[in-house]
Amino acid sequence: MSSTELPSATATAAATAAPVVGPAAEGERMRSVGLAGITLAVRSRPPATDGLPPALFVHGLGGSSQNWSALMSVMAGVLDAEAIDLPGFGDSPPPDDGNYSVTGHARAVIRYLESQGRGPVHLFGNSMGGSVTTRVAALRPDLVRTLTLVSPALPEVRVQRGAVPTALIALPGVSRMFRWLSRDWSPEQRVRGVMELCYGDPSRVKPEAFDAAVQELERRLELPYFWDAMTRSARGIVDAYTLGGQHGLWRQAERVLAPTLLIYGGRDQLVAYRMAGKAARAFRDSRLLTLPDAGHVAMMEYPHTVARAVREFLADTDERGGLGS
């Protein structure tokens, strides 16, 4: 997209449609965990051997735990992995208090980790999940052994053009207007839009994955809280971008003690590739992986490449005793 173009209908569709989501894949399990004020759907893949270190994966706006299925499968011999559906997404119902802020989602992650007693975990986050897990790592270092962020949603002065529709739906009344304008769009059109926005190369999406995404979107569009969860979570990201002082995400990134792996895609239309350097400087103990051909969801596009980087990162962390410098 050139700098003179306005956000397209495709981009706007993508901003309000879910990435590839769906039921448990072969070899996975789904369960529901009730906590104070929230109920979380949890996806897991039994580890290849006993005694593997625990990991928790957190998805982005509009996504679900299945965004991590490919990476979890590749990492089955390395991690005892779980992925959650944040409140209001995937198979998790809305939070009782209606709080979809980044802090609210971070609180859900903390409650889950505390309830399971699995920490400290290797914590992963993508997009909005990256801002959520950054906050978790800053506030509760006792729960986080390492942090891996794939295209984390951290504040940018010059926002990517592809992210503009997400900011717009956070405005009062815009979501209702967009729902009316897009009332005739088919699930196929919406899913195709999100693939074009989130993938560096949409042709990498297999037909069966596309069909599954269409079916899942049809299901989620019938949920009475679908638009509310999307709108309020988008508003939560915008609000988090504007916070200053000790609550600002960049300030909290500087407070993260856990060794951090940062992964950025060169074709990301939502999080600017140019932010990779700033992030590497902000997180005190970080290493950076840049994938020139990847988009916003590198763990879905290039799971084997990401897994190799994670394995090397974890091995290096173990050699250093798991402590930040």
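Which residues have the most contacts inside the largest nonpolar core? They are Phe-57, Trp-68, Leu-71 and Val-109, and that core has 93 residues. Take Trp-68. Leaving aside neighbours within four places in sequence, Trp-68 touches Phe-57, Val-58, His-59, Ala-83, Phe-124, Gly-125, Asn-126, Val-150 and Met-299.

Now, confidence. This is a predicted model. Mean pLDDT for the chain is 85, with 83% of residues at 70 or more. Residues 1–22 are below 50, and that stretch has 64 contacts in the model beyond near neighbours in sequence.

Next, helix α11, residues 275–282. Met-275, Ala-276, Ala-279 and Ala-282 are buried there. They sit on the same side of α11, because they cover an arc of only 125° around the axis. Their cover includes α10, β7 and β8.

On to charges. The whole structure has 13 salt bridges. One of them joins Arg-219 and Asp-91, at 3.3 Å, N to O. That pair links distant parts of the chain: Arg-219 is in helix α8, Asp-91 in the loop between β4 and α3, 128 residues apart.

Arg-219 also bridges to Glu-216, with the closest N and O atoms 2.5 Å apart. These two are three residues apart in α8, so about one helical turn separates them. Glu-216 is buried at 8%.

Last item: a network of salt bridges links Arg-31, Asp-80, Glu-82 and Arg-118.

Key:
Residues numbered from 1 in each chain as written. Predicted model: local features only at pLDDT ≥ 70, side-chain atom pairs only at ≥ 80, totals over all residues. Heavy atoms only, no water. Core = buried A, V, L, I, M, F, W, Y, C linked by side-chain atoms within 4.5 Å. Buried < 20%, exposed > 50% of the residue type's maximum accessible area, 1.4 Å probe, protein only. Contact = heavy atoms within 4.5 Å. pLDDT = per-residue confidence, 0-100. Helix = DSSP H or I, 4+ residues; strand = E, 2+ residues; numbered from the N terminus. Arc of directions from axis to C-beta. Salt bridge = Lys/Arg side-chain N within 4 Å of Asp/Glu carboxyl O.
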